[in-house]
Amino acid sequence: MRMVDIIEKKRDGKELSTEEIQFFVKGYTEGTIPDYQAASLLMAIYFQDMTERERTDLTLAMVESGDTIDLSLIEGIKCDKHSTGGVGDKVTLCLSPMVAACGVPVAKMSGRGLGHTGGTIDKLESIPGFQVELTSEQFIQQVNDIKMAVVSQSGNLTPADKKIYALRDVTGTVPSIPLIASSIMSKKIASGADAIVLDVKVGEGAFMKTVKEAEELAHAMVTIGNRVGRKTIAILSDMSQPLGYAVGNALEVKEAIDVLKGEGPEDVKELCLTLGSYMVFLSGKAPSIEKAREMLKDVLNSGKGLETFKAFIKAQGGNTAIVDHPKLLPQAKYKIEIPAEQSGYIKKIVANEIGVAAMLLGAGRETKDSSIDLSVGIVLNKKVGDFVEKGETLATIYSNKENIEEIKEKIYSNILVINDKVDKPALIKGIIA
Ligand code: URA
């Protein structure tokens, strides 16, 4: 088989065979196919697209390029959740104990943040003593004992995706539905879950800017998941503004605890109930989505979710006292309130720019190797559609730097206040099953 023939076939809009896709993925991962030929094929895929069968073959070839996690020693149907990335997205922290308290085993691998989006592992590391690395025996034992564990990605999962993604990043081939869908799904499938609930973010702060694009990506991922025997569904959720109020690691942990206490922002709670209902249902712990939602509400009202969260922190070596005493989380030196410059309705809170502002404070990484400050970030005081009085606090900055003029400026220029009443955006934009 010759790589040049595969490139020409895709360039001319023809369908690649399973063997041709495997030849490309294996050869590129092993270094026998050079970057220029791989880049050429990726560009041909970008323009010519792939059939459902090709997308599934590409996903499976990437799964087979490295290790896969065997969760078969965990009792029950394992359901994973994946978010395509957003600002203020602390959902894993509150959703996992909620569904675990309903009896669903949550065996989760998470990542660190990069750029304007945060990562669950960084957030968890703001809990004093918390260990994000477990041996696979400890990981499995913990899920069997307390129904949940969240660890940092380890092992050599999908090396093909790592190489291909790095090449896409520098060849203008990131925004391609077959390439994004296979990249995300290969990692989920390699992580071993039986069922997958996808949270596809849509809006200015997300990868997918319109509902149409998000639907297309969601369809592509759901199709791949179901074709390889993993029950998969996708929820489209709003990312035109940050999720919840808090953006920044320790600040988000506190907000997640508030949700588990039955308090906290409505949007975070609602997203957890929606995603959680599908997870509980797909795991066979409820006969319907409606019943699953009731179970999750009970878990919040009874405090069982909070108890599971405490058990999870304890099992991974963290200080559980942070739950009742959030001041034990890392604290920033300065707390600066940003007053509204005019009265009116909040029209826009540009999510990715608020994420960048938090990153500039030190909450996020500019490059993969940057170190971060777990205590800093931004807590919004308003959501889109709310009324604000001139002089009332729009947002609070938590900083360890005294000079934050640039950040203040960024917040003012990315929260738009107008005179006319503004409707609140819908949180759930669609469900693809
Ligand atoms: N996230 C991924 O993991 N892969 C992509 O291609 C895009 C977003």
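Reader: Why is Glu15 called partly exposed?

Author: In this predicted model, Glu15 has a relative accessibility of 39%. Buried means under 20% and exposed means over 50%. The value for Glu15 falls in between, so Glu15 counts as partly exposed.

Reader: How do you know that Glu15 forms a salt bridge with Arg53?

Author: The closest N and O atoms of Glu15 and Arg53 are 3.0 Å apart. The cut-off is 4 Å, between a side-chain nitrogen of Lys or Arg and a carboxyl oxygen of Asp or Glu. The pair is within that limit, so it is a salt bridge.

Reader: Where do the two partners of this pair sit?

Author: Glu15 is in the loop between α1 (3-11) and α2 (18-30). Arg53 belongs to helix α4 (residues 52-63). They are 38 residues apart, and the pair links distant parts of the chain.

Reader: What makes Arg53 partly exposed?

Author: Its relative accessibility is 24%. Buried would need under 20%, and exposed over 50%.

Reader: Is Arg55 buried or exposed?

Author: Arg55 has a relative accessible area of 11%. That is under 20%, so Arg55 is buried. Its side chain meets that of Asp49 in a salt bridge, at 2.8 Å from N to O.

Reader: What class does Asp49 fall into?

Author: Asp49 has a relative accessible area of 30%.

Reader: Why is Ser182 called buried?

Author: Its relative accessible area is 1%. The limit is under 20%, so Ser182 qualifies. Ser182 is found in helix α9 (residues 177-190). Leaving out residues up to four places away in sequence, Ser182 touches Arg55, Leu58, Thr59, Met62 and Ile224.

Reader: How do you know that Glu125 and Arg112 form a salt bridge?

Author: Their closest N and O atoms are 2.9 Å apart. The rule asks for within 4 Å, so the pair counts. Glu125 lies in helix α6 (residues 120-125), and Arg112 in the loop between β2 (106-110) and α6. Glu125 is partly exposed at 32%. Arg112 is partly exposed at 40%.

Reader: Which residues are linked with them in a network of salt bridges?

Author: The network joins Arg112, Asp122, Glu125 and Arg365. The count for the model comes to 31 salt bridges.

Reader: Which residues form a nonpolar patch on the surface?

Author: Met43, Tyr46 and Phe47 form it, with about 300 Å² of accessible area together. Tyr46 lies in helix α3 (residues 35-48). At 33% relative accessibility, Tyr46 is partly exposed. A patch residue needs over 30%, so Tyr46 passes that test.

Reader: How many residues does the largest nonpolar core have?

Author: It has 87 residues. Those with the most contacts inside it are Ile127, Val197, Val280 and Ile378. Helix α12 (residues 266-282) gives the most to this core, with nine residues.

Reader: Why is this core said to lie between domain 2 and domain 3?

Author: Domain 2 (79-325) and domain 3 (330-418) both give residues to the core, so it lies between them.

Reader: What is Val197 in contact with?

Author: Beyond its neighbours within four places in sequence, the contacts of Val197 include Cys79, His82, Ile233, Ile235, Leu275 and Leu282. Apart from this core lies another, of 34 residues, among them Val63, Ala107, Val151 and Leu217.

Conventions. Residues numbered from 1 in each chain as written. Predicted model: local features only at pLDDT ≥ 70, side-chain atom pairs only at ≥ 80, totals over all residues. Heavy atoms only, no water. Core = buried A, V, L, I, M, F, W, Y, C linked by side-chain atoms within 4.5 Å. Buried < 20%, exposed > 50% of the residue type's maximum accessible area, 1.4 Å probe, protein only. Helix = DSSP H or I, 4+ residues; strand = E, 2+ residues; numbered from the N terminus. Domains from an automatic or database assignment. Contact = heavy atoms within 4.5 Å. Patch = residues over 30% accessible without salt bridge, like charges linked within 9 Å, V, L, I, M, F, W, Y side chains within 5 Å. Areas by Shrake-Rupley, 256 points an atom, 1.4 Å probe, with all protein chains shown as cover.
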